[in-house]
Amino acid sequence: MLKNALIAAGVTTALLSAGPALAAEKKTIAVSIPAADHGWTAGVVYHANAAAKEINKAFPGIEVIVKTSPSASAQVSAIEDLSATRKLDALVILPHTSEELTTPVKAIKDKGSFITVVDRGLNDPKIQDLYVAGDNIAVGYNTAKFLVEKMGGKGNLVVLRGIPTVIDDERIKGFQDGIAGTQLKILDIQYANWNSDEAFKLMQDYLAKYPQIDAVWANDDDMLLGVLEAIKQSGRKEIKFALGGNGMKEIIEKVKAGDAVTPVETPYPPSMIKTAIYLTAAHFAGHAPVRGSLKLDAPLITKENADEYYFPDSPF
Amino acid sequence: MADLAAAPPRASHGWSIGWGDAGPFLALAALVLIGFLINPDFLSANNIANVVTRSAFIAIIAIGATFVIASGGLDLSVGSMAAFITGVTILFMNWAAPSVGTAAIPLGMAVALVTGLACGLLNGTIVTLGRIEPFIATLGTMGIFRALITYMTDGGTVAIDRSLREAYRPVYFGDVLGVPIPILVSLAVALIAAYVLYRTRYGRRCVAVGANEDVARYSGISVARVRTLAFVIQGACVAIAAICYVPRLGAATPTTGVLWELQVITAVVIGGTALRGGRGRVWGTVAGAVILEFIANLMVLSDFVSEYLVAAVQGVIIIIAMLIQRMSKR
C-alpha cells in the first residue's frame with residue numbers, strides 16, 4: 001500500500017507540473033461500476049474508491065465520483081441520473097452487460113463526454129475513447145504453459161470452470177490452446193459457478209472418480225479455495241499443482257510464501273479500474289494523449305513479482 | 001445410505017413410517033442402485049461419506065423448514081440467513097480469539113445460535129404480527145440478510161482467524177467411530193425434530209394449523225404462536241447448519257448459501273411434506289436432502305452428460321423422484 005501511495009505521489013507531481021494551466025475549471029469524472037457482490041467486483045469497488053480518493057486529493061481541478069449499481073438496468077438509470085444532474089467531462093464505466101449499456105453510454109458520449117470502457121467492451125467500439133481490459137485468453141494460456149513446462153508435457157488434469165460467459169469461455173479456450181499438442185490430458189471439466197462451495201463438492205467428486213490426478217486448474221481463485229480444502233481432506237498426495245486465476249490476496253500470499261502446490265498465479269486484476277481512472281485523469285490533468293486500447297498482460301505471478309499484485313487492504 | 005431408510009424405529013405408532021410414506025426412501029434406493037450401475041466407485045465408503053456429509057447442511061436446514069412448511073408457512077430467507085449467521089459467527093470468533101483463545105469457538109457457537117433464534121423470531125413476528133404472507137415477508141428478510149453479509153465482508157471474504165482454524169476443523173472434517181460429525185449432528189437434529197413433531201402437543205398443533213387454520217383457531221390453538229415458534233425452530237436449525245459449515249471453508253462470502261432455499265424446499269417436498277401445509281415428514285426430508293446431493297454427485301461421476309446439460313438432467317431426475325414418491329402412496 002505504501003509503495004502504491006509513493007507511485008501515486010510520483011505520478012501526481014509529474015502530472016501536476018505538466019498541466020497547471022488546466023486547473024482553472026473543475027472537471028468531473030464519473031465512475032460507474034457493478035456493486036460488490038463477490039470477490040472480484042468487491043476488488044473493483046475497493047480500487048475505484050482508492051483511485052477517487054487519491055486523485056481528488058492530488059488534483060484540485062478534478063473531481064472523481066464513484067457510483068455502484070447492482071444490475072444492468074440500475075446501471076443504466078445511474079448513468080442517466082448522473083448526466084442529467086451535472087456535466088460529465090468523462091465517464092469511466094465497467095458495464096454489467098455489453099448489450100444493455102451500449103445505447104445509454106452512446107447518449108452520454110453524444111453530449112461530449114470522454115468515455116473510458118473497462119473490462120467488458122460495448123457492442124460498438126467506436127463509442128469508447130479509451131479501452132482498458134485484462135487478457136482472459138492469456139490467463140488460461142499462461143497457466144497451461146506453466147503446467148506443460150513443469151510436468152514435462154504429460155499428465156492428467158481436471159478443470160473447474162465458472163459461470164457460462166464469454167470470460168469463462170476465453171479462459172478455457174486459452175488453456176486448451178496452451179496444452180494442445182502435448183500429452184497433458186483433461187480428464188474432466190465441469191461448471192462450479194465461481195463458487196467455493198460448489199468447487200469443494202466438485203473436487204471431492206473428481207477425487208472419488210479419478211484415482212490419479214496430476215494437476216488441477218480452477219479458472220478463478222474463489223474456486224481454488226474450495227479445491228485446496230477438498231484435496232487436504234482427501235489426504236491425496238499425487239496432485240502436484242492446484243492453480244487458480246484472478247489474483248485474490250489469499251492466493252498471492254501462498255505464492256509469496258513459496259507454496260509447493262500453488263507456486264504461481266495469473267492476474268486478471270480488479271485494480272484495472274484504477275489504471276483506467278488514472279489514465280482518464282491524465283487526459284485532463286496531464287494533457288497527455290490517452291485515446292486507444294490498453295490490454296493488461298496476464299504474466300505469471302511468481303514469488304519474485306508477487307508484491308506488485310498484492311493488496312493486503314483490499315477485500316479481494 | 002440404505003441404512004438411513006431403516007434407521008427410524010417403527011415400533012410405536014407415532015414414529016412409524018408406514019408404506020405410504022416409504023416413497024422418498026424408495027426413490028433414494030433406486031438412485032443408489034442406478035448410481036452403482038453407472039459407476040461402482042459411487043458406493044465406495046469415501047464417496048458415500050463425502051456426499052452424505054455434504055448433504056448435512058441442507059438436511060439440517062430442511063428439518064427446520066419441515067416445521068415451517070407443515071404449519072402452512074414458507075421461509076425463503078434460509079440461504080441468506082445461513083450466510084449472515086456464518087459471517088456474524090466468524091467476526092465474533094475473530095474478535096474474541098485474542099483474549100480468550102480457542103474458547104472463542106464454543107462462545108461463537110452460542111452467538112450463532114442466538115443470532116439464528118433472533119433471525120427466526122424476526123421472520124415469525126413479521127409473518128404473524130405483521131400479517132404479511134410468508135413468501136413476501138421472507139423474500140424481504142432474504143434481501144436484508146444477503147445485504148448484511150455483503151456489507152460485513154465488503155463484498156469479499158471474511159475468513160476465520162488462523163489460530164482457530166485447526167482447532168475448529170474437526171467439526172466438519174472429524175469423525176466419531178468413522179461417522180463424520182456433520183452426519184451425527186444431522187441425525188441428532190432429526191431425532192429431536194421427529195420427537196417434537198410426532199410426539200409432542202406442539203408438533204400436533206403445528207400440523208393442525210397447517211391443515212386448517214380456522215379449525216385450529218376454533219379449537220383454541222394460538223395460531224400466531226405456533227407459526228412464530230416454527231420460524232424460531234427454523235432459525236435454530238439454520239444456526240446449527242452454520243456452525244457445521246464454518247470449518248469447511250473457514251470463510252463467509254456474499255455467495256455463501258446462494259439458492260440454498262430452493263434446495264431446502266425441494267428436499268422437504270421430495271420427502272413427502274405437503275407444500276401447502278398440514279403434513280410433515282422429518283425423515284423423508286432427510287432422505288430428500290441426501291437424494292439431491294446424490295444426484296449432483298452422480299452427474300460428475302457419470303460420463304454421459306455434457307457439462308452444459310447437467311442442470312437439465314438434474315431437473316428431470318428430481319421430477320422422476322417426485323413421481324416415484326407420489327405413486328408409492330397409492
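**Exercise 1. Find what share of the contacts in chain A between residues at least 6 apart in sequence join residues at least 24 apart.**

Solution. Take contacts as pairs of residues whose C-beta atoms, placed from the backbone, lie within 7 Å. Keep those between residues at least 6 apart in sequence; of these, 76% join residues at least 24 apart.

The model is predicted: local features need pLDDT of at least 70, side-chain atom pairs count only at pLDDT 80 or more, and totals for chains, interfaces and linings use all residues. Residues are numbered from 1 along each chain as its sequence is written, while chains are lettered from A and ligands numbered from 1 in the order in which they are written.

**Exercise 2. Compare the radius of gyration of chain A with the globule rule.**

Solution. The radius is taken over C-alpha atoms, and the rule is 2.2 Å times the number of residues to the power 0.38. For 316 residues, a compact globule would come near 20 Å; chain A has 21 Å, which agrees. Next, the box: along the principal axes, the C-alpha atoms of chain A fill roughly 70 × 40 × 35 Å.

**Exercise 3. Work out the strand order of the open four-stranded sheet in chain A.**

Solution. Strands are DSSP runs of E, at least two residues; helices are runs of H or I, at least four; both are numbered from the N terminus. Two strands pair if DSSP finds at least two bridges between them.

- Start at β6(A), residues 154-161. Eight bridges join it to β7(A), residues 183-191, in parallel. One bridge pair is A:Lys154 with A:Gln183.
- Now take β8(A), residues 215-218. Four bridges pair it with β6(A), again parallel. Here A:Val159 stands opposite A:Trp217.
- The order is β7-β6-β8-β9. β7 and β9 (241-243) of chain A each have a single partner strand, so one side of each lacks a neighbour in the sheet.

**Exercise 4. Decide how far β6(A) is covered.**

Solution. Call a residue buried if 20 or more other C-beta atoms lie within 10 Å of its own, exposed if 12 or fewer, and partly exposed in between; C-beta atoms are placed from the backbone. Six of the eight residues of β6(A) are buried. For chain A as a whole, 52% of the 316 residues count as buried.

**Exercise 5. Explain why helix α13 of chain B is described as largely enclosed.**

Solution. The helix spans residues 260-270. Nine of its 11 residues are buried, so the rest of the structure largely encloses it. Among them are B:Trp260, B:Glu261 and B:Ile270. The cover includes α2 (23-38) and α14 (282-301) of chain B. Just after α13(B), B:Gly272 takes a positive phi of about 105 degrees.

Conventions
Contact = placed C-beta atoms within 7 Å.
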